Amino acid sequence: MRYDLQQERVISVREYAIRRLRGERFPTQTLWPLRGVSFDVRAGESFGIVGRNGAGKSTLLKVIAGIVPPTRGRVRVHGHLSPLLELGAGFDHELTGRENIQLYGTLLGLRRKHLRDRVAAIADFAELTPFIDVPLKNYSSGMVARLAFAIATDSDPDILIVDEVLSVGDAPFQRKCEERLARFRARGVTVLLVTHDLHLLTETCSRAVLLEAGASCIVGAAEEIAARYAERTGG
Amino acid sequence: MDASGAAPGIYERTPPVWSGPGAMGRYFDLLHSLVSRAIKQRYKRSVLGFAWTMLNPLFTMVILTVVFSAVFGAIVPNYPLFVIIGLLAWNLFSLGSTQGLASVVDSGPLIRKVAVPKAMFPLAAVGANLVNFLLSLVPLALVMLVMRVEITVAILWVPVGVLLIGLFTLGIALALATLNVFFRDVRYFYEAGLLAWFYGTPIFYPIDVLSPRARAVLQWNPLYVLVEVFRTPLYAGTAPAPGIVAAAALEAGAMALLGWWIFRRYQARFVDYI
């Protein structure tokens with residue numbers, strides 16, 4: 001398993017006027033949220049992604065997850081990828097927990113039969129067994145986040161993308177999440193971690209990339225990147 | 001690696017999720033989830049639930065019969081039956097296409113966060129309306145029973161008609177869903193257009209009442225032949241004319257291909273506009 005994120009990516013933001021139907025077009029403004037970013041992530045490695053707000057971290061994750069196509073360059077992903085981006089994006093709050101497991105799971109490409117078999121385990125991990133047939137609108141936000149985390153990590157991923165979601169739920173549940181992630185790492189799952197927490201970065205990751213708004217990137221050992229980042233943010 | 005190169009970006013994933021072996025099953029399961037969500041959403045918090053799908057065409061049929069039977073009743077035997085068959089076909093098309101149109105934009109938060117085949121949303125909208133359509137066959141059967149209409153072997157044409165209407169609806173839904181991503185007011189234009197389309201399609205009147213000139217124009221309305229393929233075997237108990245079936249199949253197939261082509265061409269850019 002190997003990552004190859006080379007080259008560039010553009011999102012051209014085109015502002016159309018309200019009068020767009022007349023065919024009038026506003027000048028095109030081109031932004032490059034990510035450009036010239038290139039790095040490899042080795043199989044089984046925990047790799048950190050740091051950068052200030054607007055440095056392109058989210059865009060990078062979306063490109064890796066296949067949500068937005070790269071404008072230029074090449075992204076290669078080998079293995080089953082489970083994105084823990086914005087947990088619960090696929091949830092429907094009118095549906096029950098069980099129904100949402102089916103919906104969210106199939107959106108990630110899992111089979112209904114497999115999910116049916118996993119409902120009990122997912123509900124158990126999320127500590128939601130008594131509420132699994134209750135509509136999500138009656139859940140607290142912590143319960144929703146727990147359910148999302150439980151579904152996304154239930155499938156056996158080779159690559160896990162973690163976007164600062166560890167702050168899910170209360171302290172005991174956070175510990176459970178960290179344990180699960182630690183187990184994944186021990187099993188050889190590749191983890192891509194986006195974080196502002198330099199302590200967490202040096203603790204969990206061996207290497208990291210530092211992104212800078214739309215321009216360069218530096219790849220190096222986690223400690224080195226953490227130091228550079230701290231320097232840059234004046235920390 | 002030259003920055004000036006205009007070569008488009010490449011995204012490769014092995015094993016792929018939405019292509020390659022096993023992908024069909026994943027598509028099917030996703031469709032299943034989305035269709036059942038749409039159906040549940042529709043019936044949650046309504047007292048009569050599924051009964052509405054059956055009562056609605058009956059109500060509309062009664063209203064149209066009361067209003068128009070004085071005009072068309074004399075030339076159209078079993079006028080209520082004539083109306084309800086047309087209405088069911090129309091509802092399948094109009095509901096499927098309006099919901100399909102809105103489906104991509106409405107799923108915007110999802111499309112921005114999950115790598116999911118986007119064509120599934122219009123497909124699910126049309127699929128959910130096909131399921132509702134099957135339920136509304138119950139009141140149709142009731143009307144046929146009450147009016148003692150003979151059921152003939154021609155009824156085998158009914159699924160063909162439904163399939164063609166569904167295919168045409170899907171084509172329209174894919175095309176309009178694409179347009180709606182870039183121009184949000186497409187929805188309102190389409191709703192206004194649908195009203196005109198309804199009156200321009202022989203749903204509650206027979207095509208024979210029109211002047212030859214109006215009839216010549218109406219030949220160009222693709223829904224006319226599509227409704228005919230569905231209506232003739234139920235209403236007249238005979239197979240639809242081969243020419244009509246051929247035209248309907250051609251139109252449905254062409255629309256589906258056109259819609260798919262438009263959708264595919266622009267779907268990579270959806271994320272930037274939603």
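Helix axes are described here as lines fitted to C-alpha atoms, over the stretch in contact in the case of helices, and angles are taken between N-to-C directions and run from 0 to 180 degrees. Helices (H or I, at least four residues) and strands (E, at least two) are DSSP runs numbered from the N terminus. The structure is a predicted model, in which local features need pLDDT of at least 70 and side-chain atom pairs count only at pLDDT 80 or more, whereas totals for chains, interfaces and linings use all residues. Residues are numbered from 1 along each chain as its sequence is written, and chains are lettered from A and ligands numbered from 1 in the order in which they are written.

The model scores ipTM 0.83 and pTM 0.87. Among the elements of chain B, the lowest mean pLDDT, 82, belongs to S1(B), and the highest, 97, to helix H11 (residues 242-266). Over residues 1-5 of chain B pLDDT stays under 50, and for these residues the model has three contacts beyond four places in sequence, a contact being a pair of residues whose C-beta atoms, placed from the backbone, lie within 7 Å.

Chain B contains twelve helices and one strand, and its C-alpha trace spans about 75 × 45 × 35 Å along the principal axes. Helix H2 (residues 51-72) and helix H3 (residues 79-106) of chain B pack at an angle of about 130°, with their axes 9 Å apart. H2(B) and H3(B) are therefore oblique to each other, given that angles under 35 degrees count as roughly parallel, over 145 as roughly antiparallel, 65 to 115 as roughly perpendicular and the rest as oblique. The contact of H2(B) with H3(B) comprises ten nonpolar, four polar and no charged residues, where Ala, Val, Leu, Ile, Met, Phe, Trp, Tyr, Cys and Pro count as nonpolar, Asp, Glu, Lys and Arg as charged, and the others, Gly among them, as polar. Residues of H2(B) in this contact include Met61(B) and Phe72(B), and those of H3(B) include Tyr79(B) and Leu87(B).

The axes of helix H7 (residues 157-182) of chain B and H11(B) come within 7 Å and cross at roughly 25°, which makes H7(B) roughly parallel to H11(B). The residues of this contact divide into 19 nonpolar, four polar and one charged.

In chain A, six strands form an open sheet of mixed pairing in the order S6-S7-S8-S4-S9-S10, two strands being paired if DSSP finds at least two bridges between them. Strand S6 (81-84) and strand S10 (217-221) of chain A are the edge strands, each pairing on one side only. S6(A) pairs in the parallel sense with strand S7 (residues 159-163) of chain A over four bridges, and Leu84(A) has Val162(A) as its bridge partner in S7(A).

The contact between the chains takes 36 residues from chain A and 32 residues from chain B. On the side of chain A that touches chain B, strand S2 (9-16), strand S5 (74-78) and helix H2 (97-107) of chain A each supply at least two residues, and the largest share, five residues, comes from S5(A). That side of chain A divides into 15 nonpolar, ten polar and eleven charged residues. S5(A) is joined to strand S1 (residues 10-14) of chain B by five bridges, and these strands run parallel; within S1(B), Ile10(B) is the bridge partner of Arg74(A).

Technical notes:
Contact = placed C-beta atoms within 7 Å. pLDDT = per-residue confidence, 0-100.
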